Amino acid sequence: MVAYSGVSPSRNPSQLSWAGNLMLAYQSFGVVYGDLCTSPLYVFPNTFIGKLHKQHQNEEAVFGALSLIFWTLTLIPLLKYLVVLLNAHDNGQGGIFALYSLLCRHAKLSLLPNQQAADEELSAYNKSTDTGTSSPFKRIFEKHKRLRTVLLLLVLSAAAMVIGNGVFAPAISVLSSMSGLQATENKSTDGELVLLACVILVGLFALQHCGTHRVSFMFAPIVIIWLISILFIGFYNIIHWNPKIIYAISPLYIIKFFRMTGHDGWISLGGVLLSVTGTEAMFSNLGHFTSVSIRLAFAFLVYPCLVVQYMGQAAFLSKNLGSIPNSFYSSVPDPVFWPVFVIATLAAIVGSQAVITATFSIIKQCHALGCFPRVKVVHTSKHGQMYIPEINWILMILTLAITIGFRDTTLIGNAYGLACIIVMFITTFLMALVIVVVWEKSYFLGALFLGTLWIIEGAYLSAALMKLPQGGWVPLVLAFIVMTAMYVWHYGTRRKYSFDLHNKVSLKWLLGLGPSLGIVRVPGIGLVYSELATGVPAIFSHFVTNIPAFHKVVVFVCVKSVPVPHVYPEERFLVGRVCPKPYRMYRCIVRYGYKDIQREGEEDFENQLIQSIAEFIQMEAGDLQSSSASESQSYDGRMAVLSSHKSLSNSILTVEEYDSAADTARQSSKSMTLQSLRSVYEEEYQQGGQVRRRRVKFGLTQASRGMEASVREELMDVIGAKEAGVAYVMGHSYVKARKSSSWLKKLIIDIGYSFLRKNCRGSAVALNIPHISLIEVGMVYYV
């Protein structure tokens, strides 16, 4: 089981050279800034709508709108995100889940089941030392579970809005880029624009399964060319139409704007808000880059180009007020119109691609929190890009429905703006908690940050809410549906875990049966999967009660998520003993971070597991000899972090390569784990039509003869069981509400959770367990 991520979790951003940061800054243009940089296509048309367009269509209104856009770009992306939020990373990762993860680790807010004290010893945990004085916020949240649930719901609502952005961003970006065809002499109709946009959107979603790694090298140049193009167009319009537009950066024009427009000007904030859509990507994509590279890209190219472009559009509109409905393309000089149209379309596609990829990523993180049903995740490249087929087609259908149903960027912009501002609003609240709880700054500083930004963002939120009848209701409905599905899954999963926890088998019962467990112990290894990190799951007793036979070696496996972005491979396995040595029963806990990608191979996992168990047996024997500890202290509780990723130079374990085709064996290298094991790795490859195999075959070396007889015997039993074969035992559960449950709980469990379980991937498929080796134990859970 090897986790994979687009960025190595061990990379230290502070150690990168300026050349490295500049290269990352260049790459960030195609991933981070595509959506934000295409906002000039639709900001002014969405700002001047309704009565503002009819009654206040004058030069002063244009100056005031530009001033609002300038200060919005300055306060939210530049100050809030670049100055503050990029410092609140979680081991180099950003986004809404990074903030939540930080809070969970420092204030025990996590609602994830099967958490252990050993998880806090992970290198990525970075928990602050307890000074003895606990923050009132910590005590309040830790005492009241409902507050922790509310906090989780806030995070999930923000995640649902991000998923909604995967619908709105492609629709508004592509449709806005196509609107340039209405600025030509052969003016296209609205129907033709919608048809062309739908064709592009279908192609965009249909090609997701291919991945973008083959053409991703073009993304950054496309966005950079787009930025340089709008920069020069902006300069041209400022000089040619109205150089005095630069005075609009004064906030006095904002005051004049609201005095003149009143309530209509307040509603226009919903359009101004679109100038910062895509800003969240600067924080959420932090794990693929560094804070320095993102700051460089935004401060030295993105921010200046956008400001100059908005100034140029405003300068043009101040002298051409009738061109507001298609302000961007109308302001483009005729000689460069078609090149700009092509690059605008490409930039819109790049921005849409980045948002779709971010949607896949956020869904994967929701699943890691136990808040999203299991879905198929296809890894399309070695750089962390993923593709979720079911979600992709749902997004495509919803995007086409929005494009065809609204047929207007104004209505889509109302929906998109509301979704974005809700995410920003929740992010501000979580950031204030991080300032107080994680950074341990003063309450005044946290309140100042929260109050200042909530006043600003609250103004935009109120304006966006006023547009609920004009498309603003769509993200709320979509978020409600997604939130309901996520919470139902989370609630059902927790109820099922509680049932397992309260019905686990007593160790006294196992010890009373003796080493044979009162059944026939057949050769082989039985891997019993459950969510329990302690104790013996009920499916085991259910199995041996009905079928009085089980494997000679039993390993209880728990695959779980921990509130860190990545778990290093050498810290992934936590191995221990369940019963005394003669029972040959062990426990293995496999830990993943919320951004880790599980890419287990059947053979690799089995080999690493056997090596880890063997190392634990040897380590335990050494510890017992040195400490004279009793054997009774060595099971059910004592666990150790073991790895098969250690340095080869620190081991005397030899590895032989066994080529079955040539029937030869040779010594090649040294392993990293048990000093008394020898392994030969197995893989299949075809060369010249001949299939060769390299098999993993464990055996004891000459050095193992100095071991105690009991230790050597146990190691031989484990090795022999591995050679006999491995079986995977999982529960096939049916979760039902108790008869005494309320009608609401029956609705959630019997209908909602049951529907999601039947239509999501099975846990065996999600864990890549071979079907031929799978044994499922049917059980009914009354929760």
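Across the chain of this predicted model, the mean pLDDT is 83, and 85% of the residues reach 70 or more. Where pLDDT is low, the predicted coordinates should not be read in detail.

In soluble globular proteins, nonpolar side chains tend to be buried together. Here, the largest nonpolar core holds 177 residues, and Y33 and W226 are the members that touch the most others in it. Helix α19, spanning residues 409-438, gives the most to this core, contributing 20 residues. Leaving aside residues up to four places away in sequence, Y33 touches S28, M282, I294, A297, F298 and V302.

How do two helices sit against each other? Two packed helices are described by the angle between their axes and the distance between the axes. For helix α8 (residues 145-178) and helix α17 (residues 337-368), the axes come within 9 Å and cross at roughly 170°. Since angles over 145 degrees count as roughly antiparallel, α8 is roughly antiparallel to α17. On the α8 side, the residues in contact include A159, V162, I163, G166 and P170, while those of α17 include F341, A344, A348, V355 and I362. Sorted by class, the contact of α8 with α17 has 15 nonpolar and seven polar residues, and no charged ones.

N91 lies in the loop between α5 (59-84) and α6 (96-107). Its phi is near 55°, a positive value in a residue other than glycine. L517, located in the loop between α22 (507-513) and β4 (520-529), likewise is not a glycine and has a positive phi of about 60°. Are these two residues buried or partly exposed? N91 counts as partly exposed because its relative accessibility is 28%, whereas L517, at 5% relative accessibility, counts as buried.

Notes: Residues are numbered from 1 along each chain as its sequence is written. This is a predicted model: local features need pLDDT of at least 70, side-chain atom pairs count only at pLDDT 80 or more; totals for chains, interfaces and linings use all residues. Side-chain values use heavy atoms; hydrogens and water are left out. A nonpolar core is a set of buried Ala, Val, Leu, Ile, Met, Phe, Trp, Tyr and Cys residues joined through side-chain atoms within 4.5 Å. Buried means under 20% relative accessible area, exposed over 50%, partly exposed in between (1.4 Å probe, protein chains only). Helices (H or I, at least four residues) and strands (E, at least two) are DSSP runs, numbered from the N terminus. Contact means heavy atoms within 4.5 Å. Axes are lines fitted to C-alpha atoms, for helices over the stretch in contact, and angles run from 0 to 180 degrees between N-to-C directions. Angles under 35 degrees count as roughly parallel, over 145 as roughly antiparallel, 65 to 115 as roughly perpendicular and the rest as oblique. Ala, Val, Leu, Ile, Met, Phe, Trp, Tyr, Cys and Pro count as nonpolar, Asp, Glu, Lys and Arg as charged, and the others, Gly among them, as polar. pLDDT is the predictor's confidence in each residue, from 0 to 100.
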